[in-house]
Amino acid sequence: MKAILFFVFISTAALVFLFYYSNSVANNLDSNEYQLPFGKGITCRVIQGYGGLFSHSHIAAIDFAMPVGTPVYAARGGTIYSYKDDSDQGGPFSAYKHKANYIIIKHSDGSFGCYWHLKKNAVLVKQGTVLAGQQIALSGATGQVLRPHLHFSVKRKLDYRLNSYIRTKFITSAGIIFLKNGETYDQPKD
Ligand SMILES: [Zn+2]
């Protein structure tokens, strides 16, 4: 009897843990299909995915490793909402958090596409509308980073609340899918 109760206790604890863990990142979904934010013929590895333990533990964002100066493309069309590209500072410490260059694109449904850690003076479109697949910037390593990469997220609101983030599917050569940490992706060939 004691063994059964112990088993039930352990199982319940495991389920509670799994439930909490699987809900520690927003479960909001977006039915839109996003383009990978880099060019055709380029392959990028996801070095941190949704819920990643380094800096995404409670956010739905994707980090694509790419060398400084890689062209960044709009994953979805919209209107330039804001940008910063006057910083040339980046590093692993939280003191660098506010040194990131970025561009934010507002989508037609009111959500925002956020592109982070851009190179200095490398936001190429600063106002007006952009189409999906249009080049908007060059990647960099500004802000809090361990290595050069592009941080991309889609948000309902520009804050850090769990429910602000949206998980999105990307059009890749492997299909229209959610991206996973550690995998490499490229655009479909046409
Ligand atoms: Zn990130």
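Author: This is a predicted model: local features need pLDDT of at least 70, side-chain atom pairs count only at pLDDT 80 or more, and totals for chains, interfaces and linings use all residues. Residues are numbered from 1 along each chain as its sequence is written, and side-chain values use heavy atoms, with hydrogens and water left out.

Reader: Which residues does Leu 179 touch, not counting residues up to four places away in sequence?

Author: Contact here means heavy atoms within 4.5 Å. With residues up to four places away in sequence not counted, Leu 179 touches Leu 36, Val 46, Ile 62, Phe 64, Phe 170, Thr 172 and Tyr 185.

Reader: How many residues has the largest nonpolar core?

Author: A nonpolar core is a set of buried Ala, Val, Leu, Ile, Met, Phe, Trp, Tyr and Cys residues joined through side-chain atoms within 4.5 Å. Buried means under 20% relative accessible area, exposed over 50%, and partly exposed in between (1.4 Å probe, protein chains only). Among the residues with the most contacts inside the largest core are Phe 64, Phe 170 and Leu 179, and the number of residues in this core is 35.

Reader: Is Phe 178 buried or partly exposed?

Author: Phe 178 is found in the loop between β15 (175–177) and β16 (184–185); strands are DSSP runs of E, at least two residues, and helices runs of H or I, at least four, numbered from the N terminus. Because its relative accessibility is 34%, Phe 178 counts as partly exposed.

Reader: What is the relative accessible area of Phe 7?

Author: Phe 7 has its place in helix α1 (residues 2–22). Phe 7 is exposed, because its relative accessible area is 58%.
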